[in-house]
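Dear colleague,

Please find below the structure that I am handing over to you. My notes on it follow directly after.

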Amino acid sequence: TEIYTLSLHDALPICRSPKPCRAVPYLNIYGACLIAVSFQLPISIVVLLVALSGFAFISTMIRLGTAIIQASPDEYRGRITSLQSLGFRLGQPIGSLVAGFVAREFGVQIAFMTFGAILIAAVFIARQLSTSLRMHRLMP
């Protein structure tokens with residue numbers, strides 16, 4: 001949820017940070033686990049996938065939160081942390097409503113598959129955008 005609490009303008013300092021954010025692999029793992037859970041698998045495999053997705057989610061949130069705080073100026077750090085918290089707390093109920101609607105209308109399997117695919121696509125688009133910005137020298 002931290003991703004959509006920032007505008008592109010606010011996210012650019014994170015990309016300029018000397019220590020790059022290493023959340024991308026964990027976001028892809030999380031998305032892949034969501035897609036995998038959508039298939040009818042034995043319960044033991046589903047439990048392992050849920051544990052792996054939880055690890056990936058926590059790793060992503062820690063890395064994104066750290067990158068946002070490190071990239072923010074000292075005088076704005078409290079405000080940025082508040083916005084980050086607000087985005088996370090607002091994202092949970094809104095995401096749950098959307099996921100519940102999709103699950104009710106189309107089925108739970110489709111909901112997991114859709115949100116996993118959206119996550120992986122968003123990561124791909126964000127990487128392409130950052131590459132494009134670097135090519136046009138808008139970012140270091």
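This is a predicted model: local features need pLDDT of at least 70, side-chain atom pairs count only at pLDDT 80 or more; totals for chains, interfaces and linings use all residues.

At roughly what angle do the axes of α3 and helix α4 (residues 77–106) cross? The axes cross at roughly 155 degrees and come within 10 Å. Here axes are lines fitted to C-alpha atoms, for helices over the stretch in contact, and angles run from 0 to 180 degrees between N-to-C directions.

Residues are numbered from 1 along each chain as its sequence is written, and side-chain values use heavy atoms, with hydrogens and water left out.

The protein chain has 5 helices and 0 strands, in the order α-α-α-α-α from the N terminus. Helices (H or I, at least four residues) and strands (E, at least two) are DSSP runs, numbered from the N terminus. Of its 140 residues, 26% count as buried (under 20% relative accessible area; exposed is over 50%, partly exposed in between; 1.4 Å probe, protein chains only). The chain exposes about 9,400 Å², of which carbon and sulfur atoms supply 70%.

Phe57, Met61, Gly65, Ile68, Ile69 and Gln70 of α3 make the contact with Arg77, Ile80, Thr81, Gln84 and Phe88 of α4, where contact means heavy atoms within 4.5 Å. By class, this contact of α3 with α4 has 6 nonpolar, 4 polar and 1 charged residues. Ala, Val, Leu, Ile, Met, Phe, Trp, Tyr, Cys and Pro count as nonpolar, Asp, Glu, Lys and Arg as charged, and the others, Gly among them, as polar.

The axes of α2 and α3 come within 8 Å and cross at roughly 150 degrees, which makes α2 roughly antiparallel to α3. On the α2 side, the contact includes Tyr26, Leu27, Tyr30 and Cys33; on the α3 side, Leu49, Leu52, Phe55 and Arg63 are among the residues involved. The residues of this contact of α2 with α3 divide into 12 nonpolar, 3 polar and 1 charged.

Ser38 lies in the loop between α2 (24–37) and α3 (43–71). Why does Ser38 count as buried? Ser38 counts as buried because its relative accessibility is 2%. Not counting residues up to four places away in sequence, Ser38 touches Gln109, Phe112 and Met113. Leu41 is placed in the loop between α2 and α3 as well, but is partly exposed, with a relative accessible area of 34%. Leaving aside neighbours within four places in sequence, Leu41 is in contact with Ala36, Val46 and Leu49.

With kind regards

Key: Accessible areas come from the Shrake-Rupley method with a 1.4 Å probe; for residues, only the protein chains shown count as cover. Angles under 35 degrees count as roughly parallel, over 145 as roughly antiparallel, 65 to 115 as roughly perpendicular and the rest as oblique.
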